[in-house]
Amino acid sequence: MARATGFDIRRQYGFTTIAAICFISLYLPVILLVVYSFNAGSSVAIWEGFSLRWYASAWANEQVQEATVRSLIIAFWAALISTSAAVLAALATTRVRPYRGYSAVFATINQPLMVPEIVTAVALLIFFAGIKVQTGYTGLGYLVIAHSAFCIPFAYLPIRARLQGMDLTLEQAASDLYASPFQVFRRITLPQLWPGILAGAMLAFVISLDDVVITEFVKSAGQDTLPTYMLGQLRRVVTPEVNAISTVLLGISVTMVIAFFFVSRIRK
Amino acid sequence: MIEISGVSKTYGTGKSRFLALDDVSVTIAQNEFFTLLGPSGCGKTTLLRVIAGFVDPTAGSVTMEGQDLLRSPPHHRPVNTVFQSYALFPHLTVRQNISFGLEMLGKPKDEIAQTVGEMMALVQMEQMADRETSQISGGQQQRVALARALAPKPKVLLLDEPLSALDFKLRKEMQIELKRLQTETGITFVFVTHDQEEALTMSDRIAVMNAGSIRQIGSPRDIYDHPAERFVADFIGDTNFLPVEVLSSEGTEAQVRLGSGQRIAARAGDGREGGGVTLAVRPEHARIVPEAEGLAAGRLSNLVYFGTDTHYHVDLDDGTRFVVRAQNNPDMFQHAAQGDRVGIAFPGGVGQVLRD
């Protein structure tokens, strides 16, 4: 019920209609994707009854297995590296006196949010190509480094928010009680920061798991991740197997984002 | 013990430049209960934070037993702070909070356990040792903060308005408790407050601050009875200000003439003579008398009953408002009613001549 006084956007003409259209266009395609992942037939458009055969088929598909493992390995390392870097960056941008160029530093850390992904992808392709020629190394390292880099701002923002919300007098009280700067961090800052760190790491993990553009450009032959494998499949023949994999990915992402939401709300 | 000399602190530059401390010098003695008293924004907390090491002064020096404090970071200074917000570590228990400083000093385990036990007994928190700090009341948090700061046995304890968050009754109890602790432990206390009553009841000496500088330093009685200037007289207790003319001044004795033409003896301010000055008279030093017998006369405009005493508001004929405070007792002579013309009187020597 609308409140008796004050402005309520819901009373504007057309608000409900516009909101409904937005939600439908956001979620209808996803819902259709999920529904057809359970299709008994091999079409993604004609419903032929309920079945889990495409999940079974994806599960048994060796290429899917390999791509999944690869995706998880890259996402794990990318989350670990980017979160570590993000903690340091967050400390360096919150536990300092304001200085000239602070905004520039902030913008630099968040560069991946501003530079178009395709530009980064092309740049990395050329850059890594040079290194590959020089060193001959063609392992997963390139993907891990690339993913770590673009995950940093996603890990950085929740950690920085947490640090900014913390009571600085606690750190002062600790140093007043003879704790060295490192002890203050270890004993006081870190125990209160971990929900932010966990939230940042989960966000970074999901972002890495989901990436197509940079991965597609940077990967060497036979280094398909789950998203690039799916893209490759779609070019040939479309079966509900892709829907099944997507649905699982969706499930993982949604779970992590919900967990992120709750973790970042932990008070202590 | 602590010598602060010529300490200034400015924030910002250009138009937004703000002088938080303006050439402050003061010496705090061993085992003294020293209070920094002043309105909010007067610089008292900034001065405390300079001693603790959280604020670097722009100029001046701070030494402690001859050692330059400003060269040491906060964690190397032998001082501990009780913060206004208590700043208890939320992820640690009461016991872990109190032992934190000792652990950081690298004391042996059995010594830590023993000292922490003593401290919890001192502040009567033994029952709460393993509680989370969020599970105890405000008064208990205050006592834990105190125990945590006392546990490393600092030479100086800095207290930043530690009682301001407590309710009236608890505050009274803690005032007595703090004074007892200070006497028992022999630690020098530097206490910051804006509450003049707190300052008067607990301190050995008080420094009254305003706008970044110390206006007067003295014992509570000194400050109350002989304020050095109008700000101090006005900030501490209630005061009547009468325009007077100084007729003569010799040592601490002065003769002044009131607006009514009457003369009276008063305490002279340091070396000020002639011209128009102000006489400060405490309400409890004055009394209501019949109009003809008064030093000045006026109309009794208001009587305010306070239980223990009554305040008589008199509008003097020269336009100044004068308040007389009289204690209520059952056989008190009810000599005046609202609207009556009355006189006000006070003994010679109680008024203080002030520069403005």
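Mentor: Start with handedness: a crossing is left-handed if the near helix is turned anticlockwise from the far one by less than a right angle, and right-handed if clockwise. Here helix 2 of chain B passes helix 4 of chain B in a right-handed crossing. The contact (heavy atoms within 4.5 Å) involves Val94(B), Asn97(B) and Ile98(B) of helix 2 of chain B, and Val144(B), Ala147(B) and Arg148(B) of helix 4 of chain B.

Trainee: What should I know about the model and its numbering?

Mentor: This is a predicted model, in which local features need pLDDT of at least 70 and side-chain atom pairs count only at pLDDT 80 or more, while totals for chains, interfaces and linings use all residues. Residues are numbered from 1 along each chain as its sequence is written, chains are lettered from A and ligands numbered from 1 in the order in which they are written, and side-chain values use heavy atoms, leaving out hydrogens and water.

Trainee: At what angle do the axes of helix 2 and helix 4 of chain B cross?

Mentor: Axes are lines fitted to C-alpha atoms, for helices over the stretch in contact, and angles run from 0 to 180 degrees between N-to-C directions. Helices (H or I, at least four residues) and strands (E, at least two) are DSSP runs, numbered from the N terminus. The axes of helix 2 (residues 94–104) and helix 4 (residues 138–150) of chain B cross at roughly 30° and come within 7 Å. Helix 2 of chain B is therefore roughly parallel to helix 4 of chain B; the cut-offs are under 35 degrees for roughly parallel, over 145 for roughly antiparallel, 65 to 115 for roughly perpendicular, and oblique for the rest.

Trainee: How are helix 9 and helix 12 of chain A packed?

Mentor: Their angle is about 160°, with the axes 9 Å apart, and so helix 9 and helix 12 of chain A are roughly antiparallel. The crossing is left-handed.

Trainee: Which strands form the sheet in chain B?

Mentor: Strands pair if DSSP finds at least two bridges between them. Four strands form an open, antiparallel sheet in the order 2-1-4-5 in chain B. Strand 2 (18–28) and strand 5 (67–68) of chain B each have a single partner strand, so one side of each lacks a neighbour in the sheet. Seven bridges join strand 1 (residues 2–11) of chain B to strand 2 of chain B.

Trainee: How many residues does each chain give to the contact?

Mentor: Chain A gives 19 residues and chain B 27 residues. Buried area is the accessible area (1.4 Å probe) that two parts lose on being put together, summed over both. Between chain A and chain B it is about 2,100 Å², 61% of it from carbon and sulfur atoms.
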